Amino acid sequence: MISINNLNYTIGSSQVLTDISVRIPKGGMTALIGPNGAGKSTLLSHIARLLPIQRGQIEVDDLEVGKCDERTLAKRLAILPQQVHFATRLTVRDMVTFGRYPHSQGRVTESDRKIVAQALEVFGLTDLEDRFLDTLSGGQRHKAHVAMTYAQDTDYLLLDEPLNNLDIAAARNLMTLLKNLADHRGKTIVIVLHDINFAAQYADHLLVMQNGTVAQEGRPTNLITETLLKDVFGTDARVALVDDTPVVLP
């Protein structure tokens, strides 16, 4: 479980996060949704220790972020930020191998190679492992990025808007893979999503953020309503149920 207690964050005179106290359950997929500027990526970056904790506390199981050993935390929690920059002449296999760094410290072992091979297989990238990144489609490159995170072999995967710039087929494929990791491989997925319909379809738990706070949390079927869309997102879109899943209509 990820426990967040009284988390606050300011930039200059601007309050970005305000008194956030929430528990993210272990297991399944938790999606952070909310309008632009609500604090979703900032909260995820704090959990991933990419931003310093100014005030408050975050614990990942028995480890306190910012106070525990960094290498120990890196074996428990992996992060894929919005922007991932790698040399385009890296192969897919080389990039996925970077996920083993917290374990190998650059000295790749046979055990590391086996885990990388498994990650390539899980994400359907084995046939592409010798391809350079700049020869891949956007969807293939995104899968390779997530495969690198998966190869870190942690209990928790934090993903910040991994569907950016993906078409609907690539986005559905990636979300199905992530859901499988949560349901069948014991991973806890914490993901920032802009598309509410993807959150409703795939997430087990939602954190709805607004103005730097967690406004609501719970299951998608209970939270995604026309009232939520109006109060949090400022839109009067309709919501319909399709196979008991709420769908926001255009």
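I started in β4, where Q57 turned out to be the bridge partner of N5. I'm keeping in mind that this is a predicted model.

**Entry 1: strand β1 and its partners**

I then looked at β2 (residues 14–24), which pairs with β1 (residues 2–11) in the antiparallel sense over seven bridges. One spot I marked there: T10 stands opposite Q15 in β2.

I also checked the hairpin of β1 and β2, which has two residues between the strands. G12 takes a positive phi there, near 65 degrees. As for cover, I noted β1 as mostly covered, with seven of its 10 residues buried.

**Entry 2: the whole sheet**

A reminder to myself: strands of a sheet pair through backbone hydrogen bonds, either parallel or antiparallel.

I followed β4 on to β5 and found two bridges between them, again in the antiparallel sense. In β5, L63 is the bridge partner of V60. Put together, I get an open sheet of four strands in the order β2-β1-β4-β5, with antiparallel pairing. Which strands stand at the edges? They are β2 and β5 (63–64); each has a single partner strand, so one side of each is left without a neighbour in the sheet.

Then I looked for what sits on this sheet. Helix α1 (residues 40–47) packs on it and touches β1, β2 and β4. I wrote down about 120 degrees between the direction of α1 and that of β1.

**Entry 3: helix α1**

Is α1 enclosed or open? I counted: eight of its eight residues are buried, so α1 is largely enclosed by the rest of the structure. The buried residues include K40, S41 and H46, along with L43, L44 and I47. After α1 comes R49, and I noted its positive phi, near 60 degrees.

**Entry 4: V190**

I moved on to V190, which I found in strand β8 (residues 188–192). Its relative accessibility is 0%, so V190 counts as buried. What does V190 touch, not counting residues up to four places away in sequence? My list has I2, I24, T30, L32, L44, L157, L158 and L159.

**Entry 5: T245**

T245 lies in strand β12 (residues 245–248). With 15% relative accessibility, T245 counts as buried, because the cut-off is under 20%. Leaving aside neighbours within four places in sequence, I found T245 in contact with A200, Q201 and A240.

**Entry 6: helices α5 and α6**

Two packed helices are described by the angle between their axes and the distance between the axes. For α5 (residues 110–122) and α6 (residues 138–151), the axes come within 9 Å and cross at roughly 140 degrees. That makes α5 oblique to α6. I noted the crossing as right-handed.

Which residues make the contact? From α5 I wrote down I115, Q118, A119 and V122, and from α6 A147, Y150 and A151. Sorted by type, the contact has six nonpolar residues, one polar and no charged.

Methods:
Residues numbered from 1 in each chain as written. Predicted model: local features only at pLDDT ≥ 70, side-chain atom pairs only at ≥ 80, totals over all residues. Heavy atoms only, no water. Axes fitted to C-alpha atoms, helices over the stretch in contact; angles between N-to-C directions. Parallel < 35°, antiparallel > 145°, perpendicular 65-115°, else oblique. Left-handed = near helix turned anticlockwise from the far one by under 90°. Contact = heavy atoms within 4.5 Å. Nonpolar A, V, L, I, M, F, W, Y, C, P; charged D, E, K, R; others polar. Buried < 20%, exposed > 50% of the residue type's maximum accessible area, 1.4 Å probe, protein only. Pairing = 2+ DSSP bridges.
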